[in-house]
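Please look over the sequence and the structure shown here before reading on.

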Amino acid sequence: MSLRDRTNAAIGAETLPLLTFLCVVFLVFSLVTPLFLTGANFGSMAFQMPVLGLLTLAMLGPILSGGLNLAIIYQANISGLALAWVLIEFGGSEAGIGAFLLGSALAVLTGAASGALMGAVVAYFGAHPILVSLAMMIFLRGLGEFLTRGSDISGFPDYMNVLGHGSFVSIPVPMIIFILAAILWHIMLKRSRHGFSVYMIGSNIEAAEYSGLHTKRTLVTIYAISGMICAIAGIVMAARFNSVRVGHGEALLLVTVLACFLGGIDPFGGFGSVFPVAIALIILQALSSGLNLIGANQHLSTAVWGLFLIAVMVLRWVGMRWRNKQLGGT
Amino acid sequence: MPNVFQKHSVEMRLSLVLLLIVVGLSIKTDTFMTLGNITSLLNNNAVNLIWAVGLLVVLVAGGIDISFAVAASVVQYLSAQVFVGLGGGNWVVGFIVAAGFGVGLGLINALLIHGFQVISIVITIATFNAFFGLLMFFTKGRNIYNLPDWWTDRIFIFERQATDGTWSELNLSVAVMIACVLATWALIRLTTLGRQLYAFGDNPEGARRAGVNIWQMQIVAFCWCGMMAGIGGLMQVNIAQEVVPNALYGRELDVLAAVVLGGARLGGGRGTVVGCILGVMFVAITQNGLNLLGISPFAFQMIIGATILFAISSSNLKFGRSGKARLKESAT
């Protein structure tokens with residue numbers, strides 16, 4: 001095994017091309033605006049990225065298993081509501097750290113339960129994950145609107161500010177949470193029995209079943225874990241916006257799918273890893289922040305994200321053709 | 001007859017459930033089975049159904065289109081510009097322009113999918129972002145109210161005054177919806193192209209070896225969906241009386257849920273126009289019924305979501321995750 005093969009196996013074959021893209025994006029923006037390569041810009045990037053990053057990790061497991069979870073935003077919102085409810089019960093801004101921990105536990109439980117339910121329907125009824133998660137999305141959105149009547153819930157204790165806006169050794173706290181989660185995800189997918197099952201199910205669920213993997217239980221676990229990380233994202237969102245509203249982060253839903261595909265995750269499942277997805281996230285954030293610095297609005301970044309994904313797909317196609325030609329030539 | 005049951009089990013079951021709901025609502029409320037309620041149900045869901053049959057063709061061909069709803073918004077804007085340029089226009093010009101732009105946007109999807117061998121969900125999520133982002137960027141999120149009169153004038157194809165003085169009427173969008181539904185039915189049921197779409201959706205490689213032109217299939221599917229998106233967009237303006245750039249954002253997933261609920265298989269090769277109608281009407285009638293029963297509007301979405309989730313779980317839909325399962329299914 002050559003060094004290249006070994007690095008590819010460890011961090012994913014998409015990593016090096018994506019790192020090149022990242023360098024190009026950084027280079028272009030630093031030439032265009034002097035504001036790009038500044039601590040302030042990197043600071044704001046590091047505060048903005050984690051919510052999208054955590055939600056993308058929630059999307060990652062289901063896609064790797066050959067499915068999709070379209071309910072992630074509302075799972076995050078509903079989990080945030082669970083936390084908010086506990087905090088309000090314990091006196092709102094007066095609530096102690098114990099109430100926060102209890103609320104967070106309830107939030108994670110809520111996320112896990114909604115995820116497990118989806119996983120169970122996918123696994124035991126053989127229904128398509130897109131349909132199941134769509135139905136769950138509509139249900140949770142409705143539940144949230146029913147509970148909140150479409151309004152904001154705010155008035156959280158001050159210490160939650162640290163979670164959303166604080167820094168630890170000059171790294172933003174949300175970023176630390178994302179980095180820890182990403183490392184955990186990498187270990188889970190590459191080193192654990194569960195991760196192995198995820199890849200096998202994504203490659204060929206029937207072969208996995210006949211090989212003695214408990215595919216149904218694994219599917220339930222995949223969606224439950226996806227729900228748990230949604231809850232973490234929901235908690236970070238509550239801290240960042242200092243409020244919970246059903247529909248916060250709606251626009252991020254399809255961006256998380258975009259980030260996964262950009263990071264080289266196979267849309268049919270079975271192939272891909274965390275590291276290139278993390279780089280894809282940094283690229284998306286850099287594009288958005290850079291465009292923002294030169295005075296373009298968020299909508300232009302949305303368009304650029306879409307066009308960028310198309311460009312990457314075209315380049316991958318060109319690369320594939322080129323490699324095939326090389327193989328054919330020798 | 002048992003064959004019909006087996007072949008269209010999802011449609012059969014859904015129509016039974018729908019029938020139960022309709023009977024239940026007719027007994028429980030005296031407002032459901034009125035001409036006024038039925039016509040407003042049709043008026044309110046015409047555009048959704050136009051989009052649904054467009055999406056159906058893509059699903060049958062084994063693809064998925066996330067971009068059609070924002071594509072409809074793009075068509076609305078481009079059409080509005082063209083009508084200003086033409087100094088007015090009329091319905092004939094309107095249909096040609098809107099359908100033309102829709103086909104053009106569908107063609108972009110088809111070209112990218114086929115040309116670079118990328119699965120449709122990746123491309124349509126990319127074009128979804130690109131279309132929406134560019135639309136919001138160029139319009140700066142501003143609405144257009146200043147539209148040609150012919151576009152916003154209400155045209156009724158049917159009207160009747162009840163004895164108590166209330167009017168019930170069907171507007172133009174219902175006629176267009178019927179035309180679109182019939183055209184789609186004819187396309188996928190009566191033409192060779194339609195049979196090829198099913199074959200291609202069920203097994204692309206098999207269809208290719210049997211001599212089906214893959215390139216043509218992608219173009220037909222995505223351009224048809226784009227055309228329906230455009231026509232739906234045109235009719236939506238007729239109803240809403242204004243063009244709002246982000247009004248249709250998010251509608252794609254609701255339509256998708258309804259179409260798949262109606263038995264179209266994600267993965268291709270299966271789906272009917274009747275199922276499509278049932279899926280859209282199921283969601284619409286559930287919502288309408290909740291409204292008539294006096295349940296809080298805040299609870300509607302929650303109950304609809306739960307109903308769909310329940311419908312999936314109880315109907316034991318087998319979408320067939322692999323080619324093998326599909327082969328087994330087609331053999332029976």
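How much area is buried between chain B and chain A, and what share of that area do carbon and sulfur atoms give?

## Extent of the interface

In this predicted model, about 4400 Å² is buried between chain B and chain A. Carbon and sulfur atoms account for 78% of that area. The contact involves 49 residues of chain B and 49 residues of chain A.

## Polar and charged links

One salt bridge is counted between chain B and chain A. Asp254(B) and Arg141(A) form a salt bridge, with their closest N and O atoms 3.5 Å apart. Two residue pairs, both at pLDDT 80 or more, are in polar contact between chain B and chain A.

## The side of chain B that touches chain A

Several helices of chain B each supply at least two residues to the side that touches chain A, including H5 (91-115), H12 (251-261) and H14 (300-315). Helix H6(B) gives the most, with 13 residues. By class, this side of chain B comprises 34 nonpolar, eleven polar and four charged residues.

## Met137(A)

Met137(A) lies in helix H6 of chain A, which spans residues 129-148. Because its relative accessibility is 3%, Met137(A) counts as buried, the cut-off being under 20%.

Beyond its neighbours within four places in sequence, Met137(A) contacts Leu70(A), Ala71(A), Tyr74(A), Leu253(A) and Leu253(B). Val24(A) stands 113 residues from Met137(A) along the chain, and the C-alpha atoms of these two residues are 37 Å apart.

Definitions and conventions:
Residues numbered from 1 in each chain as written. Chains lettered and ligands numbered in written order. Predicted model: local features only at pLDDT ≥ 70, side-chain atom pairs only at ≥ 80, totals over all residues. Heavy atoms only, no water. Helix = DSSP H or I, 4+ residues; strand = E, 2+ residues; numbered from the N terminus. Buried < 20%, exposed > 50% of the residue type's maximum accessible area, 1.4 Å probe, protein only. Contact = heavy atoms within 4.5 Å. Buried area = accessible area lost by both parts, 1.4 Å probe. Salt bridge = Lys/Arg side-chain N within 4 Å of Asp/Glu carboxyl O. Polar contact = N/O pair within 3.5 Å; in protein donor to acceptor, adjacent residues only side chain to side chain. Nonpolar A, V, L, I, M, F, W, Y, C, P; charged D, E, K, R; others polar.
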